[in-house]
Amino acid sequence: MQTTTTIDTIIEPLDELFRKHGYRNHLHEEDPNLEEDISKPDQFITAAWQKHLMTEDWIKAEVPIRQDAREKIDIVDYQTHTAYEVKVSVTDVNQEFYQALWKVIAYNNNHDKPIKALVFLSEHNGIKFLEQSTLFQETIRLMDSGMFPSQIKITLRAIAVN
């Protein structure tokens, strides 16, 4: 029997990884099975999170926006048609959010089964910054009015960064 995933079941392992390793406490040596040599703590934690979630058949990591693309979505839950993108530091959080949104729009333009929701994860100050941004508020208003090229439900969630 297949269990339904929720935002919390996807995010919980990420929060646990941050509590265990911390943003500044990079311990790549603990998991030599990670496929890439990851030099930054956020990349290490993202890769470990993806690996943890890949135990479910309907969850895929590093999903390309089209067949030949380098740009990839961190996690796609095909059961709920939800994309998850994580940005650990506050640096360029605004840019990273819009890049994530356009990755989902591009994905939808190149695939038969569209992604219906984007969950953007960042540390608390990054989420607060986005929520207060006029550009973010206008983006949501345009999506709600149907003037945006794609109807994607956007959720911002803070992750537990030490």
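## Lys72 in strand β2

Lys72 counts as partly exposed because its relative accessibility is 32% (buried means under 20% relative accessible area, exposed over 50%, partly exposed in between, with a 1.4 Å probe and protein chains only). The residue is found in strand β2; strands (E, at least two residues) and helices (H or I, at least four) are DSSP runs, numbered from the N terminus. This is a predicted model, in which local features need pLDDT of at least 70 and side-chain atom pairs count only at pLDDT 80 or more, whereas totals for chains, interfaces and linings use all residues. Residues are numbered from 1 along each chain as its sequence is written, and side-chain values use heavy atoms, with hydrogens and water left out.

Leaving aside neighbours within four places in sequence, Lys72 is in contact (heavy atoms within 4.5 Å) with Glu62, Val63, Pro64, Glu85 and Lys103. The C-alpha atoms of Lys72 and Glu62 are separated by 5.1 Å, although the two residues lie 10 residues apart along the chain.

## Packing of helix α3

The axes of α3 (residues 93-110) and α5 (residues 134-145) come within 11 Å and cross at roughly 20°. Helix α3 is therefore roughly parallel to α5 (angles under 35 degrees count as roughly parallel, over 145 as roughly antiparallel, 65 to 115 as roughly perpendicular and the rest as oblique). Axes are lines fitted to C-alpha atoms, for helices over the stretch in contact, and angles run from 0 to 180 degrees between N-to-C directions. Phe97, Tyr98 and Leu101 in α3 meet Leu135, Phe136, Thr139 and Met143 in α5. By class, this contact of α3 with α5 has 6 nonpolar, 1 polar and no charged residues (Ala, Val, Leu, Ile, Met, Phe, Trp, Tyr, Cys and Pro count as nonpolar, Asp, Glu, Lys and Arg as charged, and the others, Gly among them, as polar).

With α4, helix α3 packs at an angle of about 75°, the axes being 9 Å apart. Helix α3 is therefore roughly perpendicular to α4. Val93, Asn94 and Phe97 in α3 meet Gly126, Phe129 and Leu130 in α4.

## Nonpolar cores

The largest nonpolar core has 25 residues, and those with the most contacts inside it include Phe97, Leu101 and Leu118. Such a core is a set of buried Ala, Val, Leu, Ile, Met, Phe, Trp, Tyr and Cys residues joined through side-chain atoms within 4.5 Å. Helix α3 gives the most to this core, with 8 residues.

Beyond four places in sequence, the contacts of Leu118 include Phe97, Leu101 and Val104.
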